[in-house]
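Student: I would like to learn how to read salt bridges in a model. Where do I begin?

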Amino acid sequence: MGYYEMSMKLKDRKLVCYRKIHIKEGEYPAESYAAFSEFMKDASFSDSYRYILPLIDKKQN
């Protein structure tokens, strides 16, 4: 039915997060609604997930 992807990159000394969700066009049987609902719930959870990044002290390195 679709996919969700997320990636992070350092760009100009900033951490940039890219998110993409793709829902495939088409008609699906009613029986697949539970799977679609679970996919959307998982994508929403992944999208709202918080990350803790360690602070690096450049003086010690």
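**Salt bridges**

Tutor: The count comes to two salt bridges, a salt bridge being a side-chain nitrogen of Lys or Arg within 4 Å of a carboxyl oxygen of Asp or Glu. This is a predicted model, where local features need pLDDT of at least 70, side-chain atom pairs count only at pLDDT 80 or more, and totals for chains, interfaces and linings use all residues. Residues are numbered from 1 along each chain as its sequence is written, and side-chain values use heavy atoms, with hydrogens and water left out.

Student: Which residue forms a salt bridge with R19?

Tutor: Side chains of opposite charge can pair when their charged atoms come close. Here the partner of R19 is D47, with 3.0 Å between the closest N and O atoms. The pair links distant parts of the chain, 28 residues apart: R19 lies in strand β2 (residues 14-23) and D47 in helix α1 (residues 33-48). Helices (H or I, at least four residues) and strands (E, at least two) are DSSP runs, numbered from the N terminus.

Student: Is R19 buried or exposed?

Tutor: Buried means under 20% relative accessible area, exposed over 50%, and partly exposed in between (1.4 Å probe, protein chains only). R19 counts as exposed because its relative accessibility is 53%, whereas D47, at 35%, is partly exposed.

Student: What does E38 pair with?

Tutor: E38 forms a salt bridge with K41, and their closest N and O atoms are 3.7 Å apart. The two are three residues apart in helix α1, so about one helical turn separates them. E38 is partly exposed at 39%, while K41 is exposed at 52%.
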